Amino acid sequence: MFLSKGWKEEWRRFLGLSTAAKALEILCRLYIKESQHAVVFAQHASRMHYPQFRAKLVEIAARETSHCEWIGEKIRHLGGSLPVVPPAAPAGGDSWESLLADLEDE
């Protein structure tokens, strides 16, 4: 390598390609997606009639919430602020079709 790490970072900053800024951008997108997934799966669980499926959906929602919290910590660690999370768009169709679409998205 003919450039040191310091020079590479200087060029990235000069060109607007800061690794921290790019990481924040990616983490914010992931934070929004995980937040929306947590809400959607909690909603599916609240409408689920079958207890074994309801328990699994609650577990998935909790896991998504945990992912979201972890991502939020990383965003704050990099000096960013948590993004505003818009409401998730409903998947449409009946409840089973909607659940399947959300699971496939996950």
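Helices (H or I, at least four residues) and strands (E, at least two) are DSSP runs, numbered from the N terminus. The model is predicted: local features need pLDDT of at least 70, side-chain atom pairs count only at pLDDT 80 or more, and totals for chains, interfaces and linings use all residues. Residues are numbered from 1 along each chain as its sequence is written, and side-chain values use heavy atoms, with hydrogens and water left out.

Helix α3 covers residues 51–77. Its 27 residues should span 39 Å at 1.5 Å a residue, and the end C-alpha atoms are 39 Å apart, which agrees. The expected span is 1.5 Å times one less than the number of residues. After α3 comes G79, with a positive phi near 90 degrees.

Buried residues (under 20% relative accessible area; exposed is over 50%, partly exposed in between; 1.4 Å probe, protein chains only) in α3 are L57, I60, A61, E64, C68, I71, G72 and I75. An α-helix has 3.6 residues a turn, so residues three or four places apart point the same way.

Helix α2 (residues 19–47) packs against α3: the axes come within 8 Å and cross at roughly 160 degrees. Axes are lines fitted to C-alpha atoms, for helices over the stretch in contact, with angles from 0 to 180 degrees between N-to-C directions. That angle makes α2 roughly antiparallel to α3 (over 145 degrees; under 35 is roughly parallel, 65 to 115 roughly perpendicular, the rest oblique).

Y50 is partly exposed at 44% relative accessibility. F53, at 40%, is also partly exposed.
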